[in-house]
Amino acid sequence: MDIEFISIAVTTATIAAAAAWYIFRYCNSSHKDQQIKKHVESTLSNKSKKNQMKQPKKGKKDREESRFPHKKSKTPSDALFVTALKGHTSPVLDAVFTPCGKGLATCSEDRTIRVWKRNTLHAKEPSYVQTNVDLDHVTHLRFSTSGKAAVGSLSRDRAVRLFKVSHGLFSHVADIGKDLNPLVDIVAIGLAANTAHQYVLLCFGDTALFLLSSQGQVLEKINTQMHENYWAAVSDCGAYFGCSGFAPGVKLWSVTSENGHFVKVTPTTIEVVLADVVRRLQLDPCTWEGIRLAQYILVSAGIRQGSLQSLVMDRGSIFQSRRQRWKEGEECRVLAKGPYKQPCKSAQIAISSSNYTLAVGAKRVIELFSTTTSNQLYIIDEAHFKGNITALAYSSDDEVFVSAIHNRVHVWKNLPHKAEVVDRLKESLSSILQGSTKKRIRDQIESLSRELREHSYVRP
């Protein structure tokens, strides 16, 4: 019995030891496998991290696009877009083409005035000449008809600075009107500097309007009785100026001078009475025949019914194709009226040099209208990335127009204007009898149409 018991116990112990040894080996091998697996995974992760470190870092634009995929690019995608003029470090407040048409002047809150060369606007990096404004910045800028003189309204001093302009550089001549209305902002300025008339127009945000000499002498002070002035403009000939404000309509005055010396200001019998408030107006120059005054008036869409109105007085021949001439003593009347869908109190307007098209900019939208039919010729929905348009201007040859928002100025091809010219020329063919004139007009139509096709311009 003892021997049997001892053999059974030895067999059991041997089996238990063998089982324990196999269990130990299995557990040890699985542990090693896990260690090997972890080591391989850590090696692969380290390699991937090294590869990521070797890749170039994303720029600010790439990071913004990855974080905000809905964020829009600052460059417009519209077919009319040419280029963006960059360099101002603060908002651009005004943009005006020089009378000779060779430059575009922009003034900014960064206390600079830049004149961009017109023939380089299509280049990747347009060239410019910069003038620094001492201790203040210019909010509005106007040139004389010769382009050799300019005036700018100063924001801090609430005065006007006279400049002498040469090769795009502005030389400080004098500051005038500094203490006329020191508590009210200047909303508009104008300049008449020719052999017939010489004065500076200064329009404040209350009801005060001043005419000053180049030496700062007050030639005339006018109470516009509009409760609040919104805008004022001087015709290029200097014979007329107008003002709009809180009261509906536009008031016009005529200036009398003798040998270039101011004599008096007379309110005209032409008072444009409208059912709404006029935010912007622009006066065309007079012709050698006498009076040719054109007004294009933007009626703010946020006040009452809202409409775009084009009022024109013309004793010249600008609307001769429509056989609409203004007779002596004839009152101003609406030639065209159409809807305007961008309610904005700070809307801007600009008239093409040929008076064929009207550009209206509000918020970030630019609309182009025909001054004859008031039909919408084109619309740019996203002209800028953000903000409200602060300036609009046409070049003297009507090839391009510009718009300003914040610190950028965008240049646009003026193809809608060329399409409107084609329509005007086609209308004039029926009334022309001379064969050589007809052929010349047909050639011009074909040339303009070819250019429109080359740019793939599509009318709305």
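Predicted model: local features only at pLDDT ≥ 70, side-chain atom pairs only at ≥ 80, totals over all residues.

Biologist: What makes the largest set of nonpolar residues a core, and which residues have the most contacts inside it?

Modeller: A nonpolar core is a set of buried nonpolar residues joined through side-chain atoms within 4.5 Å, and the largest such set here has 29 residues, with I366, L368, I380, F401 and W412 having the most contacts inside it. Two or more residues come from each of β1 (81-85), β24 (365-370), β25 (376-380), β26 (391-394), β27 (400-405), α3 (415-429) and α4 (435-454), and α3 gives the most, with six residues. F401 touches I366, L368, I380 and W412, among others, when residues up to four places away in sequence are not counted.

Biologist: How do you know that β28 is mostly covered?

Modeller: Buried means under 20% relative accessible area, and six of the six residues of β28 (residues 408-413) are buried. R408, H410 and W412 point one way from the strand, whereas V409, V411 and K413 point the other way, and all are buried.

Biologist: What makes β28 a partner of both β1 and β27?

Modeller: Two strands pair if DSSP finds at least two bridges between them. Four bridges join β1 to β28 and six join β27 to β28, so by that criterion both are pairs, and each runs antiparallel.

Biologist: Why are β1 and β26 called edge strands?

Modeller: The open sheet has the antiparallel order β1-β28-β27-β26, and β1 and β26 each pair on one side only, which is what the word edge records. Neighbouring strands of this sheet are turned by 20° against each other on average, direction ignored.

Biologist: Which strands form the open sheet that contains β10, and which are its edges?

Modeller: Four strands form that open sheet, in the order β10-β11-β12-β13 with antiparallel pairing, and its edge strands are β10 (186-193) and β13 (218-223), each of which pairs on one side only. The twist averages 15° from one strand to the next. β10 and β11 (residues 198-204) pair over seven bridges, and L191 stands opposite V200 in β11.

Biologist: What makes you say that the buried residues of α4 line one face?

Modeller: The buried residues of α4 are T437, I441, I445, L448, S449 and L452; seen down the axis of α4, they fall within an arc of 100°, so they line one face of the helix. In general, an α-helix has 3.6 residues a turn, so residues three or four places apart point the same way. The buried residues of α4 pack against α3, while the face turned away from the buried side carries the exposed residues K439, R440, R453 and E454. After α4 comes S456, whose phi is positive, near 55°.

Note on methods. Residues numbered from 1 in each chain as written. Heavy atoms only, no water. Buried < 20%, exposed > 50% of the residue type's maximum accessible area, 1.4 Å probe, protein only. Contact = heavy atoms within 4.5 Å. Axes fitted to C-alpha atoms, helices over the stretch in contact; angles between N-to-C directions. Arc of directions from axis to C-beta.
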